[in-house]
Amino acid sequence: MKLLIINPNSSPSVTERINAAAQAAALSNEEIITICATGAPELIVTPEDALIAEQAVTQTLAAWEGHLDGVILASFGDTGLNAVRAARDVPVVGIAQSAYAMASVIGPRLSIVSFSPSMASALQKTAESYGYGKHLVSMHMVEHSHWQDPGDIQEDYAEALLELCQKAAKEDQVNSIVLGGGPLAGLASKLQPKVSVPIIDGTTAAIATLRVALMAKLKPQC
């Protein structure tokens, strides 16, 4: 199984984070390639960023040559999802849709934890657009965060993010926590031992979702 992960922002360090999380989740029969969208913003925060990133995603995929079994879009806006599905006859999933779907399976109450208040509106809007707004009981963002390299966010704010996850688990009585934002890829497994409810990593959830989608496409053996 050959999967392509497209990071809809252009940050090489965030792409490395996403790839590390993907390779950690890969099975022996899976080849996973992670690239960033050429010409995209370094980080997708505003609606304007998302529009530029969507165009970059579609152009990057159009330039891709070779066989693919599935595509993952690794931003929590699922940037370009509909356009890519229209362009490719393979399963295409986004990390946000996959993460929220997994959370809903675990239980009815979920929280989103992320690295900046500037992310809150977009994360909530995406959750609601997929029908998970009724399950979203809290959102916790790191206050006064700033960064030069978005790839450093999860290390710089690991303790603050851990505290917010612990708060959501204890005070909000949620069944699961979604770490929102591509820069946080791979962090869930590091925080999990100190948090009492499951923490969902979008990249890992998307790979699991694609496996199910690809199994469903297999024809029965006679």
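**Close-up views of a predicted model**

**View 1. S111 in its strand.** S111 lies in strand 5. The model is predicted. At 0% relative accessibility, S111 counts as buried, because the cut-off is under 20%.

View 2. Four strands make an open sheet in the order 6-5-7-8, with parallel pairing. Strand 6 and strand 8 (199–200) are the edge strands, each pairing on one side only. Strand 5 pairs with strand 7 (residues 176–180) in the parallel sense, over five bridges. Strands of a sheet pair through backbone hydrogen bonds, in either a parallel or an antiparallel arrangement.

**View 3. Helix 5 over the strands.** Helix 5 lies across strand 5, strand 6 and strand 7. Its direction runs at about 155° to strand 6.

**View 4. Helix 7 and its buried side.** Helix 7 covers residues 158–171, 14 residues in total. At 1.5 Å a residue it should span 20 Å, and its end C-alpha atoms are 20 Å apart, so the two values agree. The buried residues of helix 7 are L161, L162, L164, C165, A168 and A169. They cover an arc of only 165° around the axis, so they sit on the same side of helix 7. An α-helix has 3.6 residues a turn, so residues three or four places apart point the same way. What covers the buried residues of helix 7 includes strand 5, strand 6 and strand 7. Helix 8 (188–191) and strand 8 are also among the covering elements.

**View 5. Helix 7, the other face and the end.** The face of helix 7 turned away from its buried side carries exposed residues: E159, E163, K170 and E171. Q173 follows helix 7. The phi of Q173 is positive, near 55°.

**View 6. Y100 and Y132, a tilted ring pair.** With ring centres within 6.5 Å as the rule, the count comes to three aromatic pairs. In one of them, Y100 and Y132 have ring centres 6.3 Å apart and planes at 45°, so the pair is tilted. The pair links distant parts of the chain, 32 residues apart. Y100 belongs to helix 4 (residues 95–106). Y132 sits in the loop between helix 5 (120–129) and strand 6 (136–141). Y100 is buried at 0% relative accessibility. Y132 is also buried, at 16%. F76, Y100 and Y132 form one aromatic cluster.

**View 7. F115 and W147, an edge-to-face pair.** The ring centres of F115 and W147 are 5.4 Å apart, and their planes stand at 85°, so the pair is edge-to-face. F115 lies in the loop between strand 5 (110–114) and helix 5. W147 lies in the loop between strand 6 and helix 6 (153–156). The pair therefore ties together parts that are 32 residues apart in sequence. F115 is buried, with a relative accessible area of 1%. W147 is partly exposed, with a relative accessible area of 27%.

Methods
Residues numbered from 1 in each chain as written. Predicted model: local features only at pLDDT ≥ 70, side-chain atom pairs only at ≥ 80, totals over all residues. Heavy atoms only, no water. Phe/Tyr/Trp six-rings, centres within 6.5 Å; stacked < 30°, edge-to-face > 60°. Helix = DSSP H or I, 4+ residues; strand = E, 2+ residues; numbered from the N terminus. Buried < 20%, exposed > 50% of the residue type's maximum accessible area, 1.4 Å probe, protein only. Pairing = 2+ DSSP bridges. Contact = heavy atoms within 4.5 Å. Axes fitted to C-alpha atoms, helices over the stretch in contact; angles between N-to-C directions. Expected span 1.5 Å × (residues − 1). Arc of directions from axis to C-beta.
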